[in-house]
Amino acid sequence: MDFFGNPATNAFFVNDAERLRFAINAAGIGIWEWDLSNNQIVWDARCRELFGIFNNPSTVYEDVIGFIHPEDAGRVDAAVKAAISGANGGLYDIIYRIQGVEDGVLRWVHFNGTAYFDQSGNITRFGGIGQDITGRILAEQSHAREVAAAQELTRLALKGTGTGIYSLNLLTDECEYTPDFARILTGDESLQDAARDVFVNHLHPDDFPERNAALASGLASGTFTYEVRAIWTDQSIHRVRIVGAYVKDALGQPVSINGTIREITHDEAARLQREADLVRLHAALSESEQRFRDVFEQAPMAIALLSGPELTIELGNDRIFELWGKDRSITGQQLIKALPELDGQIFIGLLQNAYRTGEAFFGTGVQAQLMRNGQLEHPYFDFAYTPVRDATGAITGIMVLATEVTEREQASQAIAASEAKFRSLIEEAPFPTALYLGPDLVIDTANEAMIGIWGKTKAVIGQELATALPELEGQPFFGLLREVYQSGITYSTKEQHADLLTDGTMKRYWFNFTYKPLRNADGAVYAILNMAVDVSEQVVNRLAIEKSEKELASAIELAGLGTWTINVGEQTVSYSGEFEEWFGIPSNSALQEFFTALPERDGLRLRQSINRAIQMGADGEVNIEHTVVSAVTGQQRVIHSRGKPVLNSSGEVVLLEGIGHDVTMLRQTQEALELLVQERTEALAITIADLQRSNEELAQYAYVASHDLQEPLRKIQIFSDMLEQKEELRPGSLLLAQKISQSANRMSQLIRDLLEFSRLLKADTIFQPLHLNEIVAAVLNDFELIAQEKGASFNTMDLPVIEGVGLQMNQLFYNLVGNSLKFTKPGIKPQIDITVSRVSPETAAEHVVRLIPFANYYRICVKDNGIGFENQYSEQIFEVFKRLHTREVYPGSGIGLALCRRIIANHHGALFTESGPGQGATFCIILPDRQEAGIS
């Protein structure tokens, strides 16, 4: 059907347009449009009248800007350009002043409109409406003046009554107050920015109990009143009445106190006059409140007034309805019916509590669920619920102030999540990691691995690095960190040594570490990430190996030994300087040239020994004595060579490595002995006597020099064995060689026995019978002075005799009694009981891993009446460096109880504890009275 072809329909729309124009004109609204093609402003008569123009139907844009009040012209021009550029969706909405062009009348106008764009983003139209709002602006200004006047009247009324006002922030102790407050409490009205303690110190000391009782009562009721004496700076006494009310947060915790103070020293007449002034003040406040109800509709933040216990929506401005996602039709309804989605959320309960108790509630970043735009949204709000009272002080409703902060909270949550993830990565990093903030290098985060390296506890978090680790002063780390922070360049190094204070002792460690600067959104360095790897063990091992190699080389040199290496594949030989001197052939020569320095028979024997070792592989060995003639000097020597094969990953022999010893002199000596054995019997006896005397001297240094003595003895044994195997050796010489071998064996056994004996003489590894009564008595005597100082008393039962290490048992009881004297309750005299009872093997087996056969077990307990601790920490306290209190509260290293458990483990017993907060602590020991045979 064609509606527009129907005359009746056309007439209807024509009439409707007329009605619309009539309504617009009746509302005093004008219509305008900017024709951008020719820069002409086309407007109706109403718009022209707003500018004080009554004839010209159109004009150019620049002229219109010139008609606007000079203080507003720039702001209007910026708003227009923003709209036609597409900002804010092309919306234009602004209030400004116009000085009439023809009539000179100053008007306030509200112009708004919309810019329209084609699909390519080009503007096609820009127009809208304008309205005279001079009356409304003037009314608002009038209201503002009335509110200011009411506030001034309130101030003057309070001034006239001699009442001071204060507001105390309980979280920061910051105090805001009027001059009258300072004058009434101190006598000095000029006092400014004084802290809370300044005023408290002006109260009479005898009145503190009354004040404290009133404050404590006020925590429950919400308000308090008390009268005390104030001591002015001139020492005069004045009686004052202080009234206050607590303001609490969402958790019901007080966050501030607001109230008044009055001097009540004057007579009753003056008091009545002040009360009359207060009545007038309340009337003025009521009037001010009424005026506020008239103007709050136009407040820039969301405001609503809920009346009665039913929380009926009495008033609300546009912003509150927009926030709720509703229109003004819900005015007059109960809040829960207007916003049923609030059922089950906290807000209705908070409002009812504020109405019931009269206590204001302030919420920050609270999430709500609201049905807006047809769907359930989850925005965040900052809000305040403030009780509204009538002239009699009765609560009549709740004033709601709210601001949506969804974007802020979402950004905050994202930042918090990112930060938490970053901290989690640091905490869970498999290697030591820490984060230092700012140029002062404050320790923001450090994982357990890094804190363990430092030898510290988590108490260092939040401290400057120089404060937490003062021992690093003078080492390069602080300078490197400052350089990285200033330059922004990452620093990495390997095997850097650091001296750290661990267990009260400076120890040296080695680290591979990196200092990486972190930058903020502006590119500035704000922190340094420290990642480290403890390579102390590897470095120490490497240094030990290098030291051992140097010592081995030195020992080889001192022993007159030479080293050699044969490369099987290349058929070359390399050797040390000793071999080079013996052979007269330079190192790294061909193996064939090496054999030219040997007599033919010895060369053949050495070749066969080498080939046999290569064929046997890992089990092969070169062990041969041969003659060598120097190619340079012609000197002849007898060399004893020994070596082993070196295999590759396939099991093939690639090298032969070994040592050689010049035994020429030994062989010459043996030959001389063979020739002169009969003639030199007496000399041999003298030699044997010298050897015996030497053995006696060497026995005195058995423990220190055992290894140095063992090595030449092994060579004597080897050479003696070789002599015994020679067929050409005479029978008498064979007997002598056998005796030499036997003597060497006896001397080797003697050295081993002496070494073992020296080990057995270590006092700390020998268990002896101990009278525990004597040990405990000695420990208590050590604590005599501190026990007298604290008034401590001891009850000790008769303790058994056990097998143990005295020094360790002394340390055990010293640590346990010292703990009881350290962790005492203030004002309570320490009582320490040491009890003992014999336990069955079954009971002992509940604590001891393996029982000693035929041993009697005793349970010895050290009990005190100190502060105690939670049972959940009963195992943690025995860990090294674990502390339940800071060093500032209870000093100590944190290893005492760990040492106790180690001592008990050495004695094959058990140590455990029983405690509770404020109930004292009991440390119980399970010990056998004997140790296993041979265990020491």
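R97 is buried, with a relative accessibility of 16% (buried, under 20% relative accessible area; exposed, over 50%; partly exposed, in between; 1.4 Å probe, protein chains only). The residue belongs to strand β4, residues 91-99 (helices are DSSP runs of H or I of at least four residues and strands are runs of E of at least two, numbered from the N terminus). The side chains of R97 and E71 are joined by a polar contact of 2.9 Å (a pair of N or O atoms within 3.5 Å; within protein, one must be able to donate a hydrogen and the other to accept it, and residues adjacent in sequence count only if both atoms are side-chain atoms). Leaving aside residues up to four places away in sequence, R97 touches I68, H69, E71, D72, L106, R107 and W108 (contact, heavy atoms within 4.5 Å).

The model is predicted, with local features requiring pLDDT of at least 70 and side-chain atom pairs pLDDT 80 or more, whereas totals for chains, interfaces and linings use all residues. Residues are numbered from 1 along each chain as its sequence is written, and side-chain values use heavy atoms, with hydrogens and water left out.

The largest nonpolar core comprises 35 residues, and M809, L812 and F923 have the most contacts inside it (a set of buried Ala, Val, Leu, Ile, Met, Phe, Trp, Tyr and Cys residues joined through side-chain atoms within 4.5 Å). Two or more residues each come from α25 (772-782), α27 (806-822), β33 (831-839), β34 (857-863), α29 (896-906) and β36 (921-928). Of these, α27 contributes the most, with 6 residues. Contacts of F923, not counting residues up to four places away in sequence, include L816, I860, V862, F869, L897 and F912. A second, separate core of 31 residues includes W324, L335, Y385 and I395.

The aromatic pairs number 28 (rings of Phe, Tyr and Trp, the last by its six-membered ring, with centres within 6.5 Å; planes under 30 degrees apart are stacked, over 60 edge-to-face and the rest tilted). Y575 and F583 form a stacked pair, at 6.1 Å centre to centre and 20 degrees between the planes; both residues are buried. Ring pairs also link W32, W34, W43, F51, Y61, F67, Y92, Y96, F111 and F126 into a cluster.

An open sheet is formed by 5 strands in the order β20-β19-β23-β22-β21, with antiparallel pairing (two strands pair if DSSP finds at least two bridges between them). The edge strands β20 (442-446) and β21 (491-502) each have a single partner strand, so one side of each lacks a neighbour in the sheet. On average, neighbouring strands of this sheet are turned by 35 degrees against each other, direction ignored (axes are lines fitted to C-alpha atoms, for helices over the stretch in contact, and angles run from 0 to 180 degrees between N-to-C directions). β21 and β22 (residues 505-519) run antiparallel and are joined by 10 bridges, and D499 stands opposite R508 in β22. Helix α16 (residues 477-487) packs on the sheet, touching β19 (433-437), β21, β22 and β23 (525-534), and its direction makes about 0 degrees with that of β22.

Elsewhere, strand β30 (residues 768-771) pairs with β32 in the antiparallel sense over 4 bridges, and V801 in β32 is the bridge partner of H771. In β32 (residues 801-804), I802 and G804 make up the covered face, while V801 and E803 make up the uncovered one.

Positive phi values occur at D173, about 65 degrees, and at Q235, near 70 degrees; neither residue is a glycine. D173 lies in the loop between β7 (163-169) and β8 (175-177) and is partly exposed at 33% relative accessibility. Q235, in the loop between β9 (223-231) and β10 (237-248), is exposed, with a relative accessible area of 59%.
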